[in-house]
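This briefing goes through one chain by topic. Please look over the sequence and the model before reading on.

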Amino acid sequence: MVAGTASAVAGGVSARQTKKFNEGQQQAAAAQQSAYDQGLADSQAAAAAAAAAAAPPAPVAAAPDLMAQLTQLGQLHDQGVLTDAEFAAQKAKLLG
């Protein structure tokens, strides 16, 4: 009787942990996709602006976006959504 109860409790805990892990993975994937989509949209907007204007876009305009993306990565890392390795890889991509 006790062993059956312990197995049921352990199974419930395992199921909750698996669900939480899967939700975290989904959030990480969504966040990465969002960051990618934002970068793509920014690239397209920058290309359109460069084609319309003779002068290249000012570097100051890109700095806030880069800071926002770095801040978002830091938050995902702090929340445990990104591992240290994932955080470092994404940061390196952003910084070139």
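The points below cover confidence, fold, core and selected residues.

The model is predicted, and local features need pLDDT of at least 70, side-chain atom pairs count only at pLDDT 80 or more, while totals for chains, interfaces and linings use all residues. Residues are numbered from 1 along each chain as its sequence is written, and side-chain values use heavy atoms, with hydrogens and water left out.

**Confidence**

- The mean pLDDT (the predictor's confidence in each residue, from 0 to 100) of the chain is 76, and 65% of its residues reach 70 or more.
- Confidence is lowest in helix 1, with a mean of 70, and highest in helix 3, with 93.

**Fold and surface**

- The chain holds three helices and zero strands; helices (H or I, at least four residues) and strands (E, at least two) are DSSP runs, numbered from the N terminus.
- Along the sequence the pattern reads α-α-α.
- Of the contacts in the chain (heavy atoms within 4.5 Å) with a separation of 6 or more, 57% are between residues 24 or more positions apart.
- Buried residues (under 20% relative accessible area, with exposed over 50% and partly exposed in between; 1.4 Å probe, protein chains only) make up 8% of the 96 residues.
- The chain exposes about 7000 Å², of which carbon and sulfur atoms supply 64%; accessible areas come from the Shrake-Rupley method with a 1.4 Å probe, and for residues only the protein chains shown count as cover.

**Nonpolar core**

- A nonpolar core is a set of buried Ala, Val, Leu, Ile, Met, Phe, Trp, Tyr and Cys residues joined through side-chain atoms within 4.5 Å.
- The largest one has six residues: Ala28, Ala31, Leu73, Leu76, Val81 and Leu82.
- Helix 1 (2–52) and helix 2 each supply at least two residues of this core.

**Residues of helix 2**

- Gln69 is placed in helix 2 (residues 59–78) and is buried, because its relative accessible area is 11%.
- Beyond its neighbours within four places in sequence, Gln69 is in contact with Ala35, Gln38, Gly39 and Leu94.
- Leu70 also belongs to helix 2 but counts as partly exposed, because its relative accessibility is 22%.
- Leaving out neighbours within four places in sequence, the contacts of Leu70 are Lys91, Leu94 and Leu95.
- Leu70 and Gln90 lie 20 residues apart in sequence, with their C-alpha atoms 8.8 Å apart.
- Leu73, in helix 2, is buried, because its relative accessible area is 10%.
- With neighbours within four places in sequence set aside, Leu73 is in contact with Leu82, Phe87, Gln90, Lys91 and Leu94.
- A distance of 7.6 Å separates the C-alpha atoms of Leu73 and Gln90, which are 17 residues apart along the chain.

**Helix 3 and its end**

- The end C-alpha atoms of helix 3 (residues 84–95) are 16 Å apart, which agrees with the 16 Å that its twelve residues should span at 1.5 Å a residue; the expected span is 1.5 Å times one less than the number of residues.
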